[in-house]
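Here are my notes for anyone opening this structure for the first time. Keep the view open next to you and go through the points in order.

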Amino acid sequence: MPPIPLEDLYNDVLSKAAQGLKLKPADLASRANLEAPAVQQVLKGDFDEATVRQLAPLLDLGPEQLVALAKDAYYPDATAPDGMLGFNTPYEDFFVNAYLLWDAETKQAVVFDTGSDPGVILDAVRERGLKVELMLMTHSHRDHVMGLDVLLKETGAPAYISGKEALPGAKALEEGKTFQVGKLTIKPLSTWGHSAGGTSYLVTGLAVPVVVVGDALFAASMGRGNVSYPDALANNRREIFSLPDETVVAPGHGPLTTVGLEKRNNPFYPEFAR
């Protein structure tokens with residue numbers, strides 16, 4: 001299977017930050033003392049390093065990380081530990097991730113999000129002789145949960161999601177609740193901002209910690225701050241970037257990464273690279 005491409009290009013990062021800060025291209029051009037057409041071209045993907053470096057600090061982005069992204073100089077060197085599988089399934093004109101984690105001794109498993117094709121998850125469960133005990137949804141956007149009805153029927157396992165987001169068939173997460181599935185301990189983390197109840201899940205019990213983040217964070221990017229861009233940034237800083245560097249980050253789109261890699265390479269969080 002070929003590597004999963006990064007979710008965002010450098011101009012996607014610029015656009016997300018500008019939108020989050022409510023800055024239009026004309027605002028950026030004025031503040032950076034640039035011509036408006038030059039800013040428009042960069043936002044469309046016509047890379048000009050000098051222009052990008054001028055825009056980055058205005059958007060609180062790391063210029064070095066942004067330029068590296070534009071030059072295809074960063075791709076995360078991260079792998080799933082034993083007891084973890086990812087599924088990258090098509091939805092409209094993009095791809096979405098779901099994950100399966102399990103305890104090798106008890107064969108008890110947890111599903112995180114569903115992607116667009118629950119069949120591939122069920123196949124993996126059968127091939128490995130696993131029993132799904134629990135399903136945890138990061139948020140309720142359709143691409144992440146559209147297979148839940150099938151999984152509920154086929155596994156009989158309960159599903160949970162933040163009480164701030166309604167999802168038929170899923171129970172509301174109680175504040176402070178943790179889950180135990182075999183030797184896996186799962187702690188929900190509030191990383192809302194992309195969605196009203198966005199939740200990441202910290203899993204310990206494998207060789208390294210894993211945090212399933214949905215659309216809170218991507219390799220070299222993050223989800224759009226649909227509900228609150230400042231809170232999306234702040235919640236990621238508090239809940240994800242405080243985890244050990246070796247923690248594997250499992251995003252809703254794009255490849256796996258780690259906390260340490262994102263500290264050094266994510267343009268949205270330049271303070272960690274200093």
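1. Start with Y201, which sits opposite V212 of β10. The two strands involved, β9 and β10 (residues 210–214), run antiparallel and are paired over 3 bridges; here two strands pair if DSSP finds at least two bridges between them. Strands (E, at least two residues) and helices (H or I, at least four) are DSSP runs, numbered from the N terminus.

2. A word on what you are looking at: this is a predicted model, where local features need pLDDT of at least 70 and side-chain atom pairs count only at pLDDT 80 or more, while totals for chains, interfaces and linings use all residues. Residues are numbered from 1 along each chain as its sequence is written, and side-chain values use heavy atoms, leaving out hydrogens and water.

3. What does β9 pair with on the β8 side? The strands β8 and β9 are antiparallel, joined by 6 bridges. Y201 in β9 stands opposite P188, and L202 in β9 is the bridge partner of K187. β9 is mostly covered, with 5 of its 6 residues buried; buried means under 20% relative accessible area, exposed over 50%, and partly exposed in between (1.4 Å probe, protein chains only).

4. Now zoom out to the whole sheet. It is open, has 6 strands in the order β7-β8-β9-β10-β11-β12, and its pairing is mixed. β7 (179–181) and β12 (257–258) are the edge strands, each pairing on one side only.

5. T191 is in the loop between β8 (184–190) and β9 (199–204). Its relative accessibility is 4%, so T191 counts as buried. Beyond its neighbours within four places in sequence, T191 is in contact (heavy atoms within 4.5 Å) with G198, T199, S200, A216, N235, N236, E239 and I240.

6. T257 belongs to strand β12 and counts as buried because its relative accessibility is 0%. D77 is 180 residues away from T257 in sequence, yet the C-alpha atoms are 6.8 Å apart. The T257 side chain also makes a polar contact with the side chain of E262 (2.6 Å). A polar contact is a pair of N or O atoms within 3.5 Å; within protein, one must be able to donate a hydrogen and the other to accept it, and residues adjacent in sequence count only if both atoms are side-chain atoms.

7. Which residues touch the most other members of the largest nonpolar core? Out of 64 residues, they are L14, L61, L101, F112, L136, I186 and F268. Helix α1 (residues 10–20) supplies the largest share of this core, 5 residues. There is also a second, separate core of 22 residues, with L100, A124, I161 and A170 among them. A nonpolar core is a set of buried Ala, Val, Leu, Ile, Met, Phe, Trp, Tyr and Cys residues joined through side-chain atoms within 4.5 Å.

8. Last, helix α2 (residues 25–32), where L28, A29 and A32 are buried. Viewed down the axis, the buried residues of α2 fall within an arc of 100° (taken from the directions from the helix axis to the C-beta atoms), so they line one face. The face turned away from that side carries the exposed A26, S30 and R31. Cover for the buried residues of α2 includes α1, α3 (36–43) and α4 (49–55).
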